[in-house]
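Visitor: Could you walk me through this structure, please? I am new to it.

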Amino acid sequence: MKKLIFLSLLALFAAGCAGGGNTESNNSTDKSAESQEQAPSTDTYDPNRGEGKFTDVKVGDKLDPAMAQRGEKLADLKCISCHKLTDEKLVGPGWAGVTKRHKPEWIMNFMTNTDVMIDKDPKVQAMLEICMVRMPNQNLSDDDARDILEFLRKNDGVK
Amino acid sequence: MKKIIYLFFASGAFLMLIHLSGCKPKNAGDATGSDAAGRTYVPPGKYDELYNFVSGGFSGQVSVYGIPSGRLLRVIPVFSQDAEKGWGYSEETKPMLNTSHGEIPWGDQHHLDLSQTNGEIDGRWLFANENNTPRIARIDLKTFRTTEIIEIPNGAGNHSSPFITENTEYVVAGTRFSVPMDYENGDVPISSYKKNFKGTISFISVAPTNGEMKIAFQMLLPGMNFDLSHSGKGPSSGWFFFSCYNSEQAHTLLEVNASKRDKDYILAVNWKKAAEYVKQGKGKKVKANFAHNTYSESTHTATSKMESEVTLIDVRDFPDLVYMIPCPKSPHGCDVDPTGEYIVGSGKLAALIPVFSFSKIQNAIANKTYDGSYGGIPVLKYEAALYGEVKKPGLGPLHTEFDGKGNAYTTFFISSEIVKWNVKDLKVLDRQPTYYSPGHLTIPGGDTRKPYGKYLVAYNKITKDRFLPTGPELAQSAQLFDISGDKMKLLLDYPTIGEPHYAQMVPAELISKNSQKIFRLDENKHPYVTMGEKNSKVTREGNKVHVYMTAMRSHFSPDNIEGVKLGDEVYFHVTNLEQDWDVPHGFGVKGNKNAELLIMPGETTTLKWVPEKVGIYPIYCTDFCSALHQEMQGYVRVSAKGSKVPISFSLGKNSEAADEILKK
């Protein structure tokens, strides 16, 4: 993320002082175009990890029931309007099997860095074409996201 | 992506600065020989440099503009219903408009003051007055919502308000229309004005932590018109100054009868001493009846409480509290410079501007340099209080603000101009025409100890030919001037909401850094909140039907409801389960005589609906929320009175709650 800030600033600064002949409005169009070009391309994107603050999430062989219970409560409030616990699609895809399809860090990055992942992750983009609704960022804390992950593991049969 | 966009925004103001100072614009603006376009152009996606809060006058609301672009950012509903936001229509906000006269749907909002700490804007609250049915509102600048409204008893025409002391200890109210006091028999001949009509000035304390207002005391004064006011600052911080006119005590044809005397007054109030007296238990408690409305952020609900008593200080019993300073010809604006030493009175019919000196006023009081008394209040000798006069500044001076560099800027209504003059030597430095007839003006921090200078906005009462015609009714206007140089430069015209009176401007950073994005669901304490879709339900209590409904992109739960009967009152309590910035949902039901709802993320809001005909009523989301927004809809079935259709509700085939009902 820090890299992005730096790049954006750099791009804007460069655009702001260059292009003497351009009108102001043209400058500003250039700015956003330029910064998008300079944003990391999908080449550097790790589709297994996703993008976000989680790089390596340790999960136990056994379920942490307390965490899973907290996760379920949170999911009831913020998630299950759109996700069923089976594999049936509601607004978003059903949750069954999600922890087998994705690594823990991918799931937690998607939950907390939603918009960036929707824009970059090939699997998410494919799903967006089916669901047609961008998954909302539900403002989960890191602990919230971890608790929900534990509930997803429970849903996938971890005991 | 949103985060990136946000970063672009956040760096906007910073980059603008670099842009202006580091590399001179080489665009079309230069070619025309004027850089006005460049100075007011804020590129797409960039933020303005300042917030401009503008009173809405007869609209009853407050509008928020970005400066220098003049873009309208928001209209904050305050004293009038606002169907767009459900303000005064939703069950939660109706109590905010309650008064001792009942619910009032349309107010008259005149002046604004931003809260201050040590005489500088602190960005916490914005105060707004209501002139017609005297009230003061406090707007929370985290949410840009009106969070408290207090009614002011014993008065009418709350005009010299809501100005604050320099640590926001008090916000003041005053009577432009003197009247018999509420605790007296008001059934008196109008011609008995001199005997029965009185004025009051109220000091409303503001709790330093949560801002809660309370009428600390009212001062009983002779019947006349109290017009505008400002607090002292620095050396004069314990004092408040109010302009007064109609010292003739006329009650009819005031334009003639209240303009007879050469001089009216500025009332100097030693509020610190008054507060001490009240603390000592002095003053008398009188019966009163006034509404105090507060909006709770945790329950998202307003409550209106009637209060029954105020403390009144009759100034005739306390000879060292108030003094009258003669001021030429019906003074209007009453403005104190950043040092706190100079008090500018603008006699709206005078051909000069008197500037009073706080230290001379103190000497005159100490030496009792009086010129008689008025209504039992000592009147200081004009010359003993006067620092000097600005000679021949223009016609019809109204209001003055300051730039912090020793200059004052005064609007002239009759000669339609702004005049810049030096406070020390009282010499006129510059004058620029406005289009047309300005009332108030504002400079960022221009009434505080620390003006930001740079810009000035004049608020014009007459627009005539400045914008494309829109029939007989025209928008009023604001005009932005650059005041960074010796001469003022007109940069921009922009139309305003209602009639702009006073306004405030503040560097954006002070406010934007605290701006709230969502209401947290886990902090939602609304009594009818639905915490998650599983808890959505419909219950009946007699003829009241409560719908516990959730909204999430892109459906309501439940979205099929049956069992409502004629004679029922249906309450839709809609909780928006979204927790992302800028994802409100709307809610409307066909034939509702109220309004619609607009529900912010994490908020619960209630619409009351009393169906009058049997049939099927669609409900839907009224705020485009997602690609499937057009699918965000449902139905309510309304049956005849006495029908046997039971209450039931469902959402798709997934609603377990509905399944349970069906099993029963």
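Guide: What follows is a short tour of the two chains, taken by topic. This is a predicted model, in which local features need pLDDT of at least 70 and side-chain atom pairs count only at pLDDT 80 or more, while totals for chains, interfaces and linings use all residues. Residues are numbered from 1 along each chain as its sequence is written, and chains are lettered from A and ligands numbered from 1 in the order in which they are written.

Visitor: How many helices and strands are there in chain A?

Guide: Chain A has 8 helices and 0 strands; helices (H or I, at least four residues) and strands (E, at least two) are DSSP runs, numbered from the N terminus. Buried residues make up 37% of its 159 residues. A residue is buried if 20 or more other C-beta atoms lie within 10 Å of its own, exposed if 12 or fewer, and partly exposed in between, with C-beta atoms placed from the backbone.

Visitor: What does UniProt place in chain A?

Guide: An unreviewed UniProt entry gives the feature "domain: Cytochrome c" at residues 66–156 of chain A; UniProt positions are given in the numbering used here, feature names are shortened, and annotations may be inferred rather than shown by experiment. That stretch is 63% helix and 0% strand, and its end C-alpha atoms are 16 Å apart.

Visitor: And helix α8 of chain A, is it mostly covered or exposed?

Guide: Mostly covered, as 12 of the 14 residues of α8(A) are buried. Among them are A:Ile148, A:Leu149 and A:Phe151. The buried residues of α8(A) pack against α3 (65–78), α4 (98–101) and α5 (104–112) of chain A; two residues are in contact if their C-beta atoms, placed from the backbone, lie within 7 Å.

Visitor: How far does that helix reach, and what comes just after α8(A)?

Guide: Helix α8 (residues 142–155) of chain A reaches 20 Å from its first C-alpha to its last, close to the 20 Å expected at 1.5 Å a residue; the expected span is 1.5 Å times one less than the number of residues. Just after α8(A), A:Gly157 takes a positive phi of about 100°.

Visitor: Now chain B. Why is it called as compact as a globular protein of that length?

Guide: Chain B has 11 helices and 44 strands. Its radius of gyration is 28 Å, close to the 26 Å that the globule rule gives for 664 residues, so chain B is as compact as a globular protein of that length. The radius is taken over C-alpha atoms, and the rule is 2.2 Å times the number of residues to the power 0.38. Of the 664 residues of chain B, 52% count as buried.

Visitor: Which domains does the assignment give for chain B?

Guide: Domain 1 (2–40), domain 2 (50–512) and domain 3 (521–663), with bounds from an automatic or database domain assignment. The contact between domains 2 and 3 of chain B takes 11 residues from domain 2 and 16 residues from domain 3. The C-alpha centres of these two domains lie 44 Å apart.

Visitor: Where is B:Asp580, and what does B:Asp580 touch?

Guide: B:Asp580 is in the loop between β38 (569–576) and β39 (585–589) of chain B. Not counting residues up to four places away in sequence, B:Asp580 touches A:Pro136, A:Asn137, A:Gln138, A:Asn139, B:Ile518 and B:Pro601. B:Asp580 counts as partly exposed, because it has 19 C-beta neighbours inside 10 Å.
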